[in-house]
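Open the structure in your viewer and keep the selection tool handy. We will go from stop to stop, and at each one you will hear what to select and what is there.

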Amino acid sequence: MAQAKLSIDLDALRGNWRALNDMTGCETAAVVKADGYGLGAARVAKALSREGARRFFVAIAEEGASLREALGPGPEICVFSGHMSGDTDMINDLSLTPMINSIDQMLRHVEALPGAPFGIQLDSGMNRLGMEPGEWSALRDIALAQNPVLIMSHLACADEPDHEMNPQQLRAFREMTDGIDAPRSLAQTGGILLGPDYHFDVTRPGIGVYGGLPFVDAQPVVTLEIPVIQIRDLEPGETVGYGNSFTATRPIRLATIAGGYADGIHRIMGPRASLFSGETRCPIAGRISMDLIGVDVTDAPEVPDTLELLGQHQSVDTLADWAGTIGYEILTSLGARYNRVYRGG
Ligand SMILES: *Cc1c(COP(=O)(O)O)cnc(C)c1O
């Protein structure tokens, strides 16, 4: 079998959520948008609900609808994109809670589903989603009369603890919400780490639960093992892969493995990337192809059956460094071709 194995450790995931929960005195929700950051929203949310999570956030109503089918009634499913036209039946039938982003969305929601729960998303400076302070002051009394279940905003620079944007957004959020009875939420993973001033009533961690930075103490959640299809020995001067970008400078043993850029192993990582055979680091040799990668396994004590790209030796953030991106993008581009195996939960 040439299918690579992506193992998802649901016990580690639960441990990460619990650790983030232990840092605050308030409710900890969980963000499971983009199919649980690529790891499977249904499995992730079920494991976290066993750990005590009662509120989940998704990006769009369709994600909320399939999550509701997986979770059944009970947990609150909040939708960041709010109430878009065409969402009404999903929101109603599957008990989703839209985070209302504008006056238009507010009107749509109360006209189509009077009395149905909703939250409010405010813009405290990121200029992405949510009502601006002016819009909010026009709507505030009407919205509060309908008892929103949550009032939230999002931090733009929470992964940089010393960034002046953090206290600035905190001030803006407080100005818009101080004195309101409804529960408030500001912090994603990075916001939790900024300390209690940022916690309010509900936190919304995503990446830290999945084992990524800025939660430095996170346990790794994913392991990726890729089968070796073929082994060959190369003489000095022989080349490997498309464009001859690698030339052997010594006799080497080369493994061809069953993964490539179609599996989210971005081509740009190639020159800096390695895999592990046990404790031995084995560098990639030549370009990453769509489905195949050459790996220099000369130093491995035995001929390997599989090589590990993600696991105890290197994290999603290690791969992100090689690719000049962030762990979030590595996780959410993990391919559909892997055999996903869940442990624990
Ligand atoms: C994605 C997202 C989160 C989770 O952020 P992490 O950095 O992954 O913890 C929280 N809130 C909003 C509005 C988001 O879009």
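This is a predicted model: local features need pLDDT of at least 70, side-chain atom pairs count only at pLDDT 80 or more; totals for chains, interfaces and linings use all residues.

**Stop 1**

Select residues 41-51, helix α3, together with residues 61-71, helix α4. Their axes lie 9 Å apart and the packing angle is about 50 degrees, which makes α3 oblique to α4. The crossing of α3 over α4 is right-handed. Now show side chains. On the α3 side, look for Ala-41, Ala-42, Ala-45, Lys-46 and Ser-49; they meet Leu-67, Ala-70 and Leu-71 of α4. As you look along a helix, remember that an α-helix has 3.6 residues a turn, so residues three or four places apart point the same way.

**Stop 2: from α3 to α1**

Arg-14 sits in helix α1 (residues 10-22) and Glu-51 in helix α3, so the pair, 37 residues apart, links distant parts of the chain.

**Stop 3**

How many salt bridges does the structure hold? There are twelve. For a linked group, select Glu-27, Arg-54, Arg-55 and Glu-76, which are joined in a network of salt bridges.

Next, select Arg-250 and Asp-296, a salt bridge whose closest N and O atoms are 3.6 Å apart. Arg-250 is in the loop between β13 (246-247) and β14 (252-257), while Asp-296 belongs to strand β17 (residues 293-296); they are 46 residues apart. Arg-250 is partly exposed, with a relative accessible area of 36%, whereas Asp-296 is buried at 9%.

Then pick Arg-337 and Asp-291, whose side chains meet in a salt bridge at 3.0 Å, N to O. Arg-337 is in the loop between α11 and β19 (339-343), and Asp-291 is in the loop between β16 (280-283) and β17. Both ends count as partly exposed: Arg-337 has a relative accessible area of 41%, and Asp-291 has 33%.

**Stop 4: a covered helix**

Select residues 316-323, helix α10, which is mostly covered, with six of its eight residues buried. Colour the buried ones: Val-316, Asp-317, Leu-319, Ala-320, Trp-322 and Ala-323. What do they pack against? Show β11 (222-234), β15 (274-277), β18 (306-310) and α11 (327-332) to see their surroundings.

**Stop 5: two aspartates in loops**

Select Asp-87, in the loop between β5 (76-79) and α5 (88-93). Asp-87 is buried yet has no salt bridge. The nearest side chain of opposite charge is that of Arg-108, 7.0 Å away; a salt bridge needs the nitrogen and oxygen within 4 Å. Beyond its neighbours within four places in sequence, Asp-87 is in contact with Ala-61, Glu-62 and Gly-82.

Finish at Asp-201, found in the loop between α9 (189-193) and β10 (202-203). With 37% relative accessibility, Asp-201 counts as partly exposed. Leaving out residues up to four places away in sequence, Asp-201 touches Cys-26, Glu-27, Ala-182, Pro-183 and Arg-184. Glu-27 is also part of the salt-bridge network from Stop 3.

Conventions: Residues are numbered from 1 along each chain as its sequence is written. Side-chain values use heavy atoms; hydrogens and water are left out. Helices (H or I, at least four residues) and strands (E, at least two) are DSSP runs, numbered from the N terminus. Buried means under 20% relative accessible area, exposed over 50%, partly exposed in between (1.4 Å probe, protein chains only). Lys and Arg count as positive and Asp and Glu as negative; His and the chain ends are not counted. Contact means heavy atoms within 4.5 Å. Axes are lines fitted to C-alpha atoms, for helices over the stretch in contact, and angles run from 0 to 180 degrees between N-to-C directions. Angles under 35 degrees count as roughly parallel, over 145 as roughly antiparallel, 65 to 115 as roughly perpendicular and the rest as oblique. A crossing is left-handed if the near helix is turned anticlockwise from the far one by less than a right angle, and right-handed if clockwise.
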